[in-house]
Amino acid sequence: MRRILNLGLIVSIVACLTACALLAPFGAEDGARRVAKVTLSAYETTQQAILIYGRLPDCAERTPKICKDKVVWAKLKVVEATATRAISEATPVLNGSRADAGQLVAALAAIENVKTAVQEARVKLEGRAP
Amino acid sequence: MSAAAVLALLAEVIANLPTAITTGQQVIKLVNDGYRQLSDALGDREATREEIDVLVAKIVANSAEIQAIE
């Protein structure tokens with residue numbers, strides 16, 4: 001399990017660094033848009049996973065009960081709602097109908113916050129120190 | 001495989017997942033697999049405006065559903 005958590009952390013860091021590297025230079029808007037599109041597409045899967053977990057009625061011993069811990073679940077809902085707002089605001093930029101004024105970075109950061117919150121929730125619900 | 005085909009495949013897989021998922025690891029694996037498959041599918045191709053609009057609409061709808069869960 002530790003190995004999986006470490007791997008997850010490494011993947012997140014690499015994703016952040018890649019996004020930063022692509023978004024930082026001037027004139028890299030096309031590249032930034034492409035990264036954002038892939039991330040946005042994959043985020044739909046993240047959302048579905050949250051949705052499925054939030055509705056799992058089963059309380060089997062090894063099932064992390066994300067929605068059963070009200071504090072954890074409330075935080076997840078807040079970061080998820082924030083990410084959805086950021087994605088909506090970034091949509092015209094993704095479609096190329098508006099210049100990027102920071103919306104792509106904001107959406108990517110918000111999505112990363114959701115992923116981090118899911119990881120933290122898992123750690124907390126599994127009884128580990130964060 | 002096109003991005004739209006991958007999305008359709010993921011949707012189909014996810015629809016059948018609730019009874020299959022038993023651990024948090026599987027959710028994270030699902031997310032990571034989604035990233036990998038979509039990156040592979042998109043390659044250097046730009047997603048179309050229609051694909052983005054459909055995706056955003058789905059995300060907004062899912063978000064509303066998540067927020068409605070007590």
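Predicted model: local features only at pLDDT ≥ 70, side-chain atom pairs only at ≥ 80, totals over all residues.
## A helical pair of chains

From the N terminus on, the elements of chain A run α-α-α-α. That makes four helices and zero strands in chain A, where helices (H or I, at least four residues) and strands (E, at least two) are DSSP runs, numbered from the N terminus. Chain B reads α-α-α along its sequence, with three helices and zero strands.

Residues are numbered from 1 along each chain as its sequence is written, while chains are lettered from A and ligands numbered from 1 in the order in which they are written.

Let us start with burial. A residue is buried if 20 or more other C-beta atoms lie within 10 Å of its own, exposed if 12 or fewer, and partly exposed in between, with C-beta atoms placed from the backbone. Here are the totals for the two chains.

| Chain | Residues in chain | Buried residues |
|---|---|---|
| Chain A | 130 residues | 36% |
| Chain B | 70 residues | 21% |

Now follow helix α3 of chain A, residues 70-94. Just after the helix, Gly96(A) takes a positive phi of about 80°. Buried residues of α3(A) include Trp73(A), Glu80(A), Ile87(A) and Leu94(A).

How does this helix meet chain B? Two packed helices are described by the angle between their axes and the distance between the axes. For α3(A) and helix α3 of chain B (residues 49-68), the angle is about 160° and the axes are 10 Å apart. Here axes are lines fitted to C-alpha atoms, for helices over the stretch in contact, and angles run from 0 to 180 degrees between N-to-C directions. The angle makes α3(A) roughly antiparallel to α3(B), a label for angles over 145 degrees. Among the residues making the contact are Lys77(A), Thr84(A) and Thr91(A) on one side, and Ile52(B), Val56(B) and Gln67(B) on the other. Two residues are in contact if their C-beta atoms, placed from the backbone, lie within 7 Å.

Ala110(A) is found in helix α4, residues 103-125, and counts as buried because it has 21 C-beta neighbours inside 10 Å. Leaving aside neighbours within four places in sequence, Ala110(A) is in contact with Thr82(A), Ala83(A) and Ala86(A).

In helix α2 (residues 29-55) you will find Gln48(A). What does Gln48(A) contact, leaving aside its neighbours within four places in sequence? The partners are Ile14(B) and Asn62(B). With 24 C-beta neighbours inside 10 Å, Gln48(A) is buried.

Arg33(A) also lies in helix α2 of chain A, and its 22 C-beta neighbours inside 10 Å make Arg33(A) buried. Beyond its neighbours within four places in sequence, Arg33(A) is in contact with Leu94(A) and Leu104(A).

Conventions. Expected span 1.5 Å × (residues − 1). Parallel < 35°, antiparallel > 145°, perpendicular 65-115°, else oblique.
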